[in-house]
Amino acid sequence: GESSTGGEMVLSSGVGAETSSGAVSVHTADAGTSGVSGLVRVHTGVSSDGASGGIDLETGSASGGAGGSVTVTVGEGDSGDGGDFRVVAGGSTADGSAGGAVSITAGAGLSSDSSDGGDGGAVVVTAGAAYGENAESDHGGAIDLIGGAAEVGVGGSVSVVSGASAGTSSGDVTLDTADAGTDGVSGSIAATTGTSSNGTSGDIALTTGSATLGAGGDISLLVGSGDTGAGGSVVVGAGDSSADDAAGGQVLIQAGDGTSSTGGAGGAVSVVAGMGESSTGGEMVLSSGVGAETSSGAVSVHTADAGTSGVSGLVRVHTGVSSDGASGGIDLETGSASGGAGGSVTVTVGEGDSGDGGDFRVVAGGSTADGSAGGAVSITAGAGLSSDSSDGGDGGAVVVTAGAAYGENAESDHGGAIDLIGGAAEVGVGGSVSVVSGASAGTSSGDVTLDTADAGTDGVSGSIAATTGTSSNGTSGDIALTTGSA
């Protein structure tokens with residue numbers, strides 16, 4: 001058309017008034033004995049003012065049957081790589097415009113029948129199989145989902161989302177590698193965000209959805225079992241920081257809250273080392289971080305404060321029962337210090353406002369073995385290790401003080417007693433009680449003082465009684481008051 005649209009070309013089969021319409025076949029002939037088959041090209045012309053013509057491949061609607069399929073198949077060859085199948089959307093040079101999209105949408109199941117209605121069609125993308133038998137080079141085809149690159153803007157995202165359901169459950173998203181063959185390993189799964197050149201690198205979030213009439217979904221990180229070497233590790237490491245005055249990233253493991261006002265308990269956090277079937281179980285190490293030039297970090301083990309109507313939780317430190325040998329010990333030990341004092345060990349029972357105060361008990365272990373003694377309780381003050389002659393180290397004191405009584409009833413509110421009682425024996429001699437002052441290699445030994453305190457404004461001072469027990473077979477015990485030789 002000189003000044004209007006050119007003429008149309010219509011290639012149409014004939015109508016079947018009562019049966020099927022005729023087919024339309026566009027194809028090139030088979031090649032001869034030494035040639036290739038001819039190309040079939042379907043393309044629209046170049047446009048000078050507006051969008052170029054589209055290409056529609058569309059099968060007709062069907063009544064009493066399925067809509068016709070659209071099949072695009074590349075023929076097999078016996079030389080070189082197989083022929084490619086490419087779908088490339090058009091680019092755009094217009095300002096503010098996007099390149100053309102590629103959309104693949106499976107057919108809808110349009111039947112609304114409640115007994116067995118329509119299902120949505122699947123979208124299946126399968127890379128080519130490799131039938132070669134060279135394990136080093138004959139690999140199955142890869143599938144790459146890559147967002148579009150950008151010169152200065154944000155690169156295109158990749159989103160994999162399962163289908164929604166208006167009435168029941170949404171679909172699953174499954175990310176699996178296939179099982180290995182007879183002589184290989186299963187493929188790995190890597191989720192890695194890219195390196196950032198100006199700002200924080202991308203996050204990785206694993207989050208299950210909230211639930212109504214059910215529990216939130218679990219998140220499981222499980223390493224598969226193996227039969228050679230050590231089991232696979234689970235490593236959770238927070239990020240380093242090279243910024244001035246900034247800390248490395250935290251690792252936070254927090255159990256869920258029980259938010260119900262009727263019996264809602266907080267979730268537990270359990271960290272359990274692995275079992276050793278025929279050897280020692282795995283160790284549990286809880287260690288603070290090293291400060292390369294300053295102090296190491298603190299380790300805090302404590303239970304939270306109680307709510308308005310409860311008690312604070314128990315802290316229990318105990319070793320397991322032993323079946324063959326001594327059970328594990330418990331060591332509370334502060335580190336040595338250079339340029340300062342060794343750290344103190346403080347054991348304090350909190351105050352209460354109902355009933356007696358909480359006890360502090362130190363009980364050594366008993367022994368059922370013949371000829372063996374029960375465990376000892378040893379309290380030893382620290383040595384003054386400096387040997388300086390002008391003012392060297394003094395030994396630390398051992399102070400045992402019973403609790404004060406602040407009650408004001410003279411008949412019942414008494415200060416706490418101190419009892420030093422030797423151990424009882426069934427048939428042997430009872431344990432002795434010995435109070436001995438410290439020796440000195442160079443000067444005087446220490447004093448032993450036995451005093452009762454002065455009486456208050458309306459009382460008498462306490463008595464001192466030295467009494468040996470009654471004897472049932474022989475002379476009763478002596479009392480000897482003897483000063484040393486000079």
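How many positive and how many negative side chains does the protein chain have, and how far apart do the centres of the two sets lie? There are 4 positive and 56 negative, with the centres 12 Å apart. Lys and Arg count as positive, Asp and Glu as negative; His and the chain ends are not counted. Each charge is placed at NZ of Lys, CZ of Arg, CG of Asp or CD of Glu.

Now the ground rules. This is a predicted model: local features need pLDDT of at least 70, side-chain atom pairs count only at pLDDT 80 or more, and totals for chains, interfaces and linings use all residues. Residues are numbered from 1 along each chain as its sequence is written, and side-chain values use heavy atoms, leaving out hydrogens and water.

Next, the fold. The protein chain has 0 helices (DSSP H or I, at least four residues) and 0 strands (E, at least two). The C-alpha trace spans about 140 × 55 × 55 Å along its principal axes.

One local stop: V315. V315 is partly exposed because its relative accessibility is 44%, between the 20% and 50% limits. V315 touches V301, H302 and T303 (heavy atoms within 4.5 Å), leaving aside residues up to four places away in sequence. From V315 to H302 is 13 residues in sequence and 6.9 Å in space, C-alpha to C-alpha.

Methods. Buried < 20%, exposed > 50% of the residue type's maximum accessible area, 1.4 Å probe, protein only.
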